[in-house]
Amino acid sequence: MTDSVRLKWLLTESDIRAGADAGSFPLLSVSISWGVRRREASDMTTRAASDDLSKYKVCRAGDLVINRMRAFQGALGIAPEDGVVSPDYAVLRVDQRVEKRWLNYFLTSGFAVATMASLVRGIGGTEAGNVRTPRLNVSDLQSMTVPLMPGDEQRAVADYLDRETARIDTLIEEQQRLIEMLRGRRQDLVRAAVLGSANPFSPPPEAAFTAIGHHFSVTLGKMLDAGKAVRSEDLMLPYIRAGNIQDAGLKLDDVKQMPYSEAEASNLNLLKGDLLVVEGGAVGTNVLLHEDMPEWSFQKTVNRLRPLSDWSSAWLGYVLRTYRDIGVMDIVCNRSTIPHLTAEKLRAMRIPSVEPEEQVRVAAILDHQTAEIDVLITETEQFIELARERRAGMITAAVTGQIDVQETV
């Protein structure tokens, strides 16, 4: 028999601070992907290991730890060991009537996550003049009800989900390794085709290189000025920004507009054959336009490269992606600071000097070869997404009693 029980009868908040004992506990973190685990040195993005942890909260093995700002996305889990966690987290002791693995599955299920999302406070509001950070209050979490099965059924569900999710996770990991292998194969194909044996870091004397600016015009887009008044004669145009440019092509599901004068719209137009290159962030990522884009423009996070002669934009796109993948962009942009591939740097960048006819031939071959690999990558990504959906659906069905796990043994 399953009873609906409010979590306040099963979870009790604990607010013990580490104090002078902080150094005797490992530092734990909470993630959507892996729940609760030790925070490794490589994860110390906000605090150094030597920072004062005396105000951090103590959690014991078996406690439920919640990142209140991301709990509605599944950022919670059962602590595998004693440790200390951020004072922004919530630590809750779990009643002995509850199988902790079952509770963890329930609270990360689609059903529970959706319920928590409806209870989040702070979205869209302000507090003391500042935007409130959305968070899940412990009292709101405790107001949720759970279908509390008898203890033996909870353990059976947890055992079933441990076994079945492990199978799916293994399958997903195998598919992710396949994607990485395919991407590596793609990079190797492109690099061999556009660079051959030439090393751009120390090219041999016989290798001929030339500056991009000798063969392409390089134009940086318009700076975004949200506070500037729109004039009556301005044109409101959709624009391409860095986030729209991806290896798979233009991603235009999130497009913004800003005003352009008639002269700006004419100078910053987009035509077939233009190569749009990311200026800041994922520098070197680029996309080739296969048709004109009338009444569109581009923003300052994007450089537009337009051929001055019969040089191939498609071939140049492959060269720039190779430069990105092998680290040339890191050197050009100085990765010790925020990377920016300015128009000046792009014009001066030296690329192999290849006859235009050969550029067209190589680009055509790579278009065919990379398209086949991209299809395999897309199919594998779709398989992974379906596997994740199946995993999530199975968890929700099991913890809410829609699956009789005894019959599946």
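Reader: Is the crossing of helix 6 and helix 9 left-handed or right-handed?

Author: The crossing of helix 6 and helix 9 is left-handed; the term applies if the near helix is turned anticlockwise from the far one by less than a right angle, and right-handed is used if clockwise. This is a predicted model, in which local features need pLDDT of at least 70 and side-chain atom pairs count only at pLDDT 80 or more, while totals for chains, interfaces and linings use all residues. Residues are numbered from 1 along each chain as its sequence is written, and side-chain values use heavy atoms, leaving out hydrogens and water.

Reader: How closely do the axes of helix 6 and helix 9 come, and at what angle do they cross?

Author: The axes of helix 6 (residues 313–326) and helix 9 (residues 356–399) come within 8 Å and cross at roughly 65°. Axes are lines fitted to C-alpha atoms over the stretch in contact, with angles from 0 to 180 degrees between N-to-C directions. The helices themselves are DSSP runs of H or I of at least four residues, and strands are runs of E of at least two, numbered from the N terminus. A314, W315 and Y318 of helix 6 make the contact with Q359, V362, A363, L366, D367 and T370 of helix 9, contact being heavy atoms within 4.5 Å.

Reader: How does the contact of helix 6 with helix 9 divide by class?

Author: Six residues are nonpolar, two polar and one charged. Ala, Val, Leu, Ile, Met, Phe, Trp, Tyr, Cys and Pro count as nonpolar, Asp, Glu, Lys and Arg as charged, and the others, Gly among them, as polar.

Reader: At what angle do helix 4 and helix 6 pack?

Author: Helix 4 and helix 6 pack at about 120°, with their axes 9 Å apart, and their crossing is left-handed. In helix 4, Q187, V190, R191, V194 and L195 meet W315, Y318, V319, T322, Y323, D325 and I326 of helix 6. That contact holds eight nonpolar, two polar and two charged residues.

Reader: Why is Q175 called buried?

Author: Q175 has a relative accessible area of 17%, and buried means under 20%, exposed over 50% and partly exposed in between (1.4 Å probe, protein chains only); therefore Q175 counts as buried. The residue lies in helix 4 (residues 151–195) and touches T380, F383 and I384, not counting residues up to four places away in sequence.

Reader: What makes E295 exposed and N137 partly exposed?

Author: E295 has a relative accessible area of 65% and is therefore exposed. E295 sits in the loop between strand 20 (286–288) and strand 21 (297–298), and has a positive phi of about 65° although it is not a glycine. N137, at 23%, is partly exposed; its loop joins strand 11 (130–131) to helix 3.

Reader: How do you know that the buried residues of helix 2 line one face?

Author: The buried residues of helix 2 (residues 110–119) are A112, V113 and M116. Seen down the helix axis, they fall within an arc of 100°, so they line one face; the arc is that of the directions from the axis to the C-beta atoms. They pack against strand 7 (76–78), helix 1 (100–107) and helix 3 (138–142).

Reader: Why is the protein chain described as more spread out than a compact globule?

Author: The chain has 10 helices and 23 strands. Its radius of gyration is 27 Å, well over the 22 Å that the globule rule gives for 409 residues, so the chain is more spread out than a compact globule. The radius is taken over C-alpha atoms, and the rule is 2.2 Å times the number of residues to the power 0.38.
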